[in-house]
Amino acid sequence: MPSTGKVRVIRRVHLLISAALLALASISPAFAGWGMPEPITDQAKRIQDLWVFTLIIALAVFFAVEGALVYAIIRYRKRGDGLPKQTHGSTALEVVWTAIPVLIVITLFSYSFIVLRDVEKEAPADALSIEVNGFQFSWEFTYDLARLGRGEAPAKDGTFSIIGTAAQEPTFVIPVGEPVEFRLKSNDVIHSFYVPNFHYKLDVVPGRDNRFVITANQTGEFTGQCAELCGINHALMRFHLRVVERAEFDRWVAEQVASKATVRQP
Amino acid sequence: MTSIAIPRPAYAERPRVLDWLMTVDHKKLGILYLYTTLFFFAVGGILALLVRAQLAVADNTFVNNDAYNQIFTMHASAMLFLFIIPVWAGFGNYIVPLQIGAADMAFPRINALSFWLIPPAGLLMFSGFLFGGAADVGWTAYSPLARSSGVGLDLWIISVIILGVSSTIGAANFMVTMFRMRAPGMTMFRMPIFCWTMLVTAVLQLLATPVLASALAMLYIDRNFGGSFFDPNGGGNAILWQNIFWFYSHPAVYIMILPGMGIISEVLPVFARKPLFGYKAFVFATMGIGGLGFSVWAHHMFTTGAVLKPWFGFMTFMIGVPTGVKMFNWLGTLWRGSITFEAPMLFALGFLSMFLIGGINGTFSAAVPVDFAIHDTYFVVAHIHYVLFGGAVFAVFAGLYYWFPKIWGRRLDERLARIHFALQFIGFNLAFFPMHLLGLDGMPRRIATYSESSGWETLNLISTIGAFLIGVAMIPFIINVVMAFLRPKDQPNDPWEANTLEWWTTSPPPVHNFDSLPEVHSERPLWDLRHGKAAH
């Protein structure tokens, strides 16, 4: 009879595991990026790879240590009045479990240092450059007609802007497949320019010239919002981003130039 | 058994209320600290429930944006400055002199001053609600935003400076007490681990808190006397505030967690019936965390673009090493032990399993490019709560259940404690685990509302349910304490068969603490007496 009981237990464990796997599979689309939203830039892809690498190590450490803890709780619960052996420590063990974390963190640091260097490259001279002005409580995106990137240069000079309000969230447009630089400006308080699909944010600091570069690798519509508490309507400082093919971007620019009174002729 | 007689000073009798108001007895002050800080824990908890109520559903209008900013700012301020930091001073006040075999703290009247600064500072901070609104710029009070906030922020600044004075003079008191007043035979390396963590905490407070006071004074000048320390338009620097603020506030995270680690390191050996594995390694790891704690502040500032990212990333990774050593030492203590699961042990094991997550999810911020994604999102909110709730709060309850019979001489009910633990453990994970996923998906912290199209509603609702479950978990705890006070003071000196000197004297101890002291030959003098040195 004990063997039947054992079989029953094994069957139950199997059932539990398959149920868990099924549950995991049903929600797996949400975990395609290991919890992160879809990366839409080359830089975001690098950051996501680093995230996944770090996460796998973190999960391994978590399961090893939590497993050891649960094992100790079950295995070493009191089973009699005898005193356990009074071990005070072990220098060898202390050295080992200091050295292993040191090796892990040196590995993680080296990889993250390489990714950091790559995602913080400066913009090439021919990149589209957009000035992002954060203010309480929306955003202004200013395009310089002389720095529109790798399309056909428009006939005019000057700038045009997309200005939002907390009630009217602004939408700006960038072309896919080429570097785009964002120059961040603020005249009031600190904001933070955050597009979750970039896996990146950079603070918009009064008195500081912060800039970063991305290269979008897919088209679509995405949202972002301010990530640094900036006052009463901080939560409403949202914006939208459209990533489009170059030709469509050029058409959009032409429309803006034609319709905006803010385009200044030199 | 030999013992050393201690001369007994004479004390004048005073009316009871007056006695509590004028006391310089470290035990009474310790109790006053505990009552006061647990009161602010309740206040901070209610504010947290308001936050969670507002975020339960998308586009909610339960509280308006202005009120929301005040609520979450005061939640954090109450929990950090009025609960966690001073609650350790409360435990330390009661326990440290007893653990080292002293009659009181080194400077009893300064000790009383340390405590009596806290209630008025707390009232001052909260009085903002009566004068047009409390502080509303986050507990981090970033400038230039903090330059233009209302009068509530001035009250907040003054309050935090007063609390800083309290913890600075308290720190000096703890250091002198531990350096000068240990029982005969108790060398530094025979001092209980809780005392060691209080000592390192005191050093951090003494070095870091005055720096915060200087930053707050500059902010007050900027706001009220036309200064421009943090105003770029006046020649100041907005990032300067963050550098000074975090130079204090990162070590402050260790101020908030090290004594909790100390409590866990007292509880685990008692209920596993083994000495702490690697006592000296643990002490050095505590010092290591304290030292490294001063070299990682700018990991809060990677996205400003204004700090040396590789350096602070590396140091932040490195601080995981001594933390890992501690984790392994705790596991080593349990290994091959003889473990029982009384209430203090339940909360200590809860600490181990949850603080592990808080340690691991913090390392993601050390990988600077990953930090670009998760900084200022709910991922960070999850991290800090796994450290400060999963860590510090579980340790507070471990300490309360552990020392309750000593402090009040009464017994707490084990069944109610188990219900409390189960509800708190489940509620905590429901409340804070989903925040990891929300943060990864891009939900910024400190937003008063989110739109339905964000897709964040389900996880937020789960989190809110968990938060209210934590609130419910406090009911069996309160019932337990009330019922204990209806029972007689019947606890023996050493109900847990513990190791350290506080269990040598009566429960509660007499005013002068000890009638006699045993000889101290190790960090476990009572164990040595029970089992003889041979069993050591």
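Q: How many bridges join S6(A) to S7(A)?
A: Five, and the two strands run antiparallel. This is a predicted model, where local features need pLDDT of at least 70, side-chain atom pairs count only at pLDDT 80 or more, and totals for chains, interfaces and linings use all residues. Residues are numbered from 1 along each chain as its sequence is written, with chains lettered from A and ligands numbered from 1 in the order in which they are written. Strands (E, at least two residues) and helices (H or I, at least four) are DSSP runs numbered from the N terminus.

Q: What is the bridge partner of Phe193(A) in S7(A)?
A: Leu202(A).

Q: What is the strand order in the open sheet?
A: S4-S10-S9-S6-S7 of chain A, with mixed pairing; strands pair if DSSP finds at least two bridges between them.

Q: Which strands stand at the edges?
A: S4 (171-175) and S7 (200-204) of chain A; each has a single partner strand, so one side of each lacks a neighbour in the sheet.

Q: Switching to confidence: what does chain A average?
A: A pLDDT (the predictor's confidence in each residue, from 0 to 100) of 89, with 90% of the residues at 70 or above.

Q: And where is confidence lowest in chain A?
A: In helix H1 (residues 2-26), at a mean of 68, whereas strand S6 (residues 191-195) is highest at 98.

Q: How many residues does each chain put into the contact?
A: Chain B gives 68 and chain A gives 64, where contact means C-beta atoms, placed from the backbone, within 7 Å.

Q: Which element of chain B gives the most to that side?
A: H11(B), with eight residues.

Note on methods
Contact = placed C-beta atoms within 7 Å.
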